[in-house]
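Please read the points below alongside the model.

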Amino acid sequence: MTEILQRAGNWTFDGGTVRVVPGHHKSVHRLRRLLGEVVVPLEAVSGIAYEPGRRAGRLRLRLRHGADPLLQAAGGRLPDAADPYSLEVEPDRAGVAEYFADELRNALLLEQVPVAEPCDRYLLPGPPVPLTVQGTDGTASFDGDLVRIDWNWVAEGSKSSAGPRTLALHELAGVEWSPAVGLENGFLRFRPKGSHAVLKPDHDPNCLVLWGVRQAKDVSSVLLAAAVTARLPHPSVPASAPALPSSGGPRPETGADSGSGSGSGKEPGFEGADHDALLRRLRELGELHREGVLTEEEFTAAKQAVLSRF
C-alpha cells in the first residue's frame, strides 16, 4: 500500500485502485467535500504527474477520456482547488509524492493499461441522487429518473409562465454545464432529444442560470450535471442506444482485481502470484535506486529484466 497524507486530502494506492479522500480542513473546496471519497480503478487511469512548486507542489492524477462522468460533464473547467484528482503537496512531502507517482506508473506498465485509448463505458459511477442545485432564476433537482426545474421570481416570463419544467431521463440527449466566472454568468442546460432552437440561458426553459457574482466560486452544480451524464448513454455509444438504468453507470469493484477486467491487457496464463512478486520486486528496486544503492544504469537494467518476464 502506497499513500500520501496531506491537509488537502489523502491518496492511497493498493495496486488495483486509487482512493481519493478529501481533507477536513476549512480550505478544502466545497465540491470535493460534497463529492466525498472517490475510488478510481487502475484501468481508468492514463497517467500521473508531480509538479514541484516553490510554496507547494501538486500531484495530478490523469484519467482516460470517457472514464469519469464528472470529468465528462465538467469539460476541463474545474479549478485546481475543486478538482478531486489534483492534490496540493506540502514542500517537505515532495519525495513521497514522487514515490507515489512512480508506484502508480509501474503498475500501469505492469498491467498494460491502454492509457492512450478512450473508454467505451464509464468506469466510475456518477454522484448519488437525489441532488438539488440552487441557481439564480430557479432550482433544479434530479432523482435518477426525472429532472425538475422550479422557477423563482427572478426568472424571465418566457420560463416561469409555463410553470415548473420536468424532463424524464429518456427524453434527454445530454446536459451542458458552464461555471460562473467572475462577473460572467454560468448555466446548467438540459438538452432534450430532437431539434430545438438555441436560446440564451436567460430565456431557455431547459436552462438554469448560475449568477456570476454570487456563484463564481461554487461549482457544486456540476455534480447534478455529472449525475445525469452518468445515466445517459456513454459518448462512445450510438445516439439511438437506450439510457442506463436509474441506478447509474457501472460501479468499480474495490477488491484486489478491480483494476484488471477483460481489457486489462494481461497475457493468457497470467498468474496473480507471479504478478504480486514482480510488483514487489519493482518496488524494491525503486527503493534501492532512491537510496543510492543502485545506479541509474543498474536500476534500468534490473527493471527491464523484471518487465521482460511478462
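**Notes on the predicted model**

1. H234 sits in the loop between α6 and α7 (272-290); helices (H or I, at least four residues) and strands (E, at least two) are DSSP runs, numbered from the N terminus. This is a predicted model, in which local features need pLDDT of at least 70 and side-chain atom pairs count only at pLDDT 80 or more, while totals for chains, interfaces and linings use all residues. Residues are numbered from 1 along each chain as its sequence is written, and side-chain values use heavy atoms, with hydrogens and water left out.

2. Is H234 buried or exposed? H234 counts as buried because its relative accessibility is 8%; buried means under 20% relative accessible area, exposed over 50%, and partly exposed in between (1.4 Å probe, protein chains only).

3. The side chain of H234 has a polar contact with the side chain of S236, at 2.9 Å. A polar atom of the H234 side chain also lies 2.7 Å from the backbone oxygen of G66. A polar contact is a pair of N or O atoms within 3.5 Å; within protein, one must be able to donate a hydrogen and the other to accept it, and residues adjacent in sequence count only if both atoms are side-chain atoms. Leaving out residues up to four places away in sequence, H234 touches G66, C119, D120, R121 and Y122 (contact: heavy atoms within 4.5 Å).

4. The largest nonpolar core has 32 residues, and W177, L188, F190, V222, L224 and V228 have the most contacts inside it. Such a core is a set of buried Ala, Val, Leu, Ile, Met, Phe, Trp, Tyr and Cys residues joined through side-chain atoms within 4.5 Å. The largest share of this core, seven residues, is supplied by α6. Another core, of 31 residues, lies apart from it and includes V38, V45, A94 and L124.

5. F190 is in contact with L224 and V228, and its other partners include A140, V147, I149 and L167, with neighbours within four places in sequence left aside.

6. How many of the residues of α6 are buried? Ten of its ten are, among them T229 and R231.

7. The largest cavity holds about 40 Å³ of space. Its lining consists of V20, P22, R32, L35, G36, V38 and P84, with β3 (17-22) and α1 (30-35) each supplying at least two residues. A cavity is a set of points, on a 1 Å grid over the protein atoms alone, where a 1.4 Å probe fits but cannot get out; lining residues have an atom within 4 Å of a point.

Technical notes: 1 Å grid on protein atoms, 1.4 Å probe; cavity = no way out; pocket = protein on both sides within 12 Å on 5 of 7 lines; lining within 4 Å. Points joined across faces, edges and corners; volume = space filled by probe spheres on them.
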